[in-house]
Amino acid sequence: MERRCLECGEPIRGRTDKKFCADYCRNAFNNKLNKDSRKLVRNINNRLRKNYRILESFFLEEEKARIPKNQLLDKGFHFEHITNLYTTKKGNIYFFVYDLGYLPLGNDYYMLVKRE
């Protein structure tokens, strides 16, 4: 029985465990296979980068800033995309995008912080 490439269907020569006729076919096959998961990861990473740039834009000279929620929203900030949480001993929960974070203060204000 002749073995055929999983991507293009061409006959395969060489090792008996070979599945593809060339690197191009192997890459094309795996790119198709992982397309959906990569799209999701790419979209989330793009939103994380955008959130980071937005938070970073408020840190000019100080390491803390008090910002109204609407300023974050106006710049396109997505509150559901964070990288980690930090809970203080007092029970305050900081939401972080890498080393930049925010603490909800109430009345639609947020304290922005930078972790050293």
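Q: How many residues does the largest nonpolar core have?
A: This model is predicted. Nonpolar side chains tend to be buried together in soluble globular proteins. Here, the residues with the most contacts inside the largest nonpolar core include Leu55, Phe58 and Ile67. The core has 14 residues.

Q: Which element gives the largest share of this core?
A: Two or more residues come from each of α1 (23-57), β1 (64-68), β4 (100-106) and β5 (109-114). The largest share is 3 residues, and it comes from α1.

Q: Is Asn51 buried or exposed?
A: Asn51 is found in helix α1. Leaving out residues up to four places away in sequence, it touches Gly76, Phe77, His78, His81 and Val97. Buried means under 20% relative accessible area. Asn51 has 0%, so it is buried.

Q: What kind of aromatic pair do Phe20 and Phe29 form?
A: A pair of aromatic rings is described by the distance of the centres and the angle of the planes. For Phe20 and Phe29, the centres are 5.2 Å apart and the planes are at 50 degrees. Planes over 60 degrees apart count as edge-to-face and those under 30 as stacked, so this pair is tilted.

Q: What kind of pair do the rings of Tyr102 and Tyr110 form?
A: Both Tyr102 and Tyr110 are buried. Their ring centres are 5.5 Å apart. Their planes are at 80 degrees, so the pair is edge-to-face.

Q: Which residue lies over the face of Tyr109?
A: Lys69 lies over the face of Phe79, at 5.5 Å from the ring centre. Over the face of Tyr109, at 4.1 Å from the ring centre, lies Arg66.

Note on methods: Residues numbered from 1 in each chain as written. Predicted model: local features only at pLDDT ≥ 70, side-chain atom pairs only at ≥ 80, totals over all residues. Heavy atoms only, no water. Core = buried A, V, L, I, M, F, W, Y, C linked by side-chain atoms within 4.5 Å. Buried < 20%, exposed > 50% of the residue type's maximum accessible area, 1.4 Å probe, protein only. Helix = DSSP H or I, 4+ residues; strand = E, 2+ residues; numbered from the N terminus. Contact = heavy atoms within 4.5 Å. Phe/Tyr/Trp six-rings, centres within 6.5 Å; stacked < 30°, edge-to-face > 60°. Lys NZ or Arg CZ within 6 Å of the ring centre and 35° of its normal.
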